[in-house]
Amino acid sequence: MTSSDLKNQAEATMMNAYSPYSNFKVGAAIRTVAGNVYSGCNVENASYGLSICAERNAIMQAVATEGPGMKLAAVVVTNYNQKGESGACSPCGACRQFMIEFATPQTTVIYPGENGDIETNADKLLPDSFSF
Ligand code: THU
């Protein structure tokens, strides 16, 4: 799957977001090193702090299917805001740490910036990250 296929998959899953509190829909599609694709959306909760981001939703599905050796090859994030427009959505700090746990030095991350998609790398999104 190319990054443009991943973007289509992220956008389709994004439309299933459960985000009645923020009205901010996020989708994420990931390709693993094993070559499989998973996607997730954000799922909010009346107890706000329980809300789960799209990226972590997708990564958890990948681990549940492939097991603890799962590694990320590519992550694509999409966003649809309350005005019904695509907007910027830089992965939050929790998701950056979550990505690093399963990243390799080659893991690419694409997300919507203020002026179009930004392509970067998991290590660059969280320099000097915590690990055991
Ligand atoms: N959100 C994500 O799903 N991914 C991100 O990278 C940033 C934020 C969600 C969480 C919450 O449901 C909504 O967007 C607004 O913060």
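Guide: In this predicted model, five strands form an open sheet in the order 2-1-3-4-5, with mixed pairing. Strands here are DSSP runs (E, at least two residues), numbered from the N terminus. Residues are numbered from 1 along each chain as its sequence is written. Because the model is predicted, local features need pLDDT of at least 70 and side-chain atom pairs count only at pLDDT 80 or more, while totals for chains, interfaces and linings use all residues; side-chain values use heavy atoms, with hydrogens and water left out.

Visitor: What makes strand 2 and strand 5 stand at the edges?

Guide: Strand 2 (37-41) and strand 5 (116-121) each have a single partner strand, so one side of each has no neighbour in the sheet.

Visitor: How do you know that strand 3 and strand 4 pair?

Guide: Two strands pair if DSSP finds at least two bridges between them. Strand 3 (residues 72-80) and strand 4 (residues 108-113) have three bridges, in the parallel sense, so by the definition they pair. Alanine 74 has threonine 108 of strand 4 as its bridge partner, and valine 76 stands opposite isoleucine 110 in strand 4.

Visitor: How many bridges join strand 4 to strand 5?

Guide: Six bridges join strand 4 to strand 5, and the two run antiparallel. Valine 109, for one, has threonine 120 of strand 5 as its bridge partner. The two strands form a hairpin, with two residues between them.

Visitor: Why is strand 4 called largely enclosed by the rest of the structure?

Guide: Five of its six residues are buried, so strand 4 is largely enclosed. Buried means under 20% relative accessible area, exposed over 50%, and partly exposed in between (1.4 Å probe, protein chains only).

Visitor: Why is cysteine 95 counted as buried?

Guide: Its relative accessibility is 1%, and the cut-off is under 20%, so cysteine 95 is buried. Cysteine 89, with a relative accessible area of 9%, is buried too.

Visitor: Why does the count of disulfides come to zero?

Guide: A disulfide is a pair of cysteine sulfur atoms within 2.5 Å. The sulfur of cysteine 95 is 3.8 Å from the closest cysteine sulfur, in cysteine 92, which is too far for a bond. For cysteine 89 the closest cysteine sulfur, in cysteine 53, is 7.9 Å away, also too far. By this rule the count is zero.

How values were computed. Helices (H or I, at least four residues) and strands (E, at least two) are DSSP runs, numbered from the N terminus.
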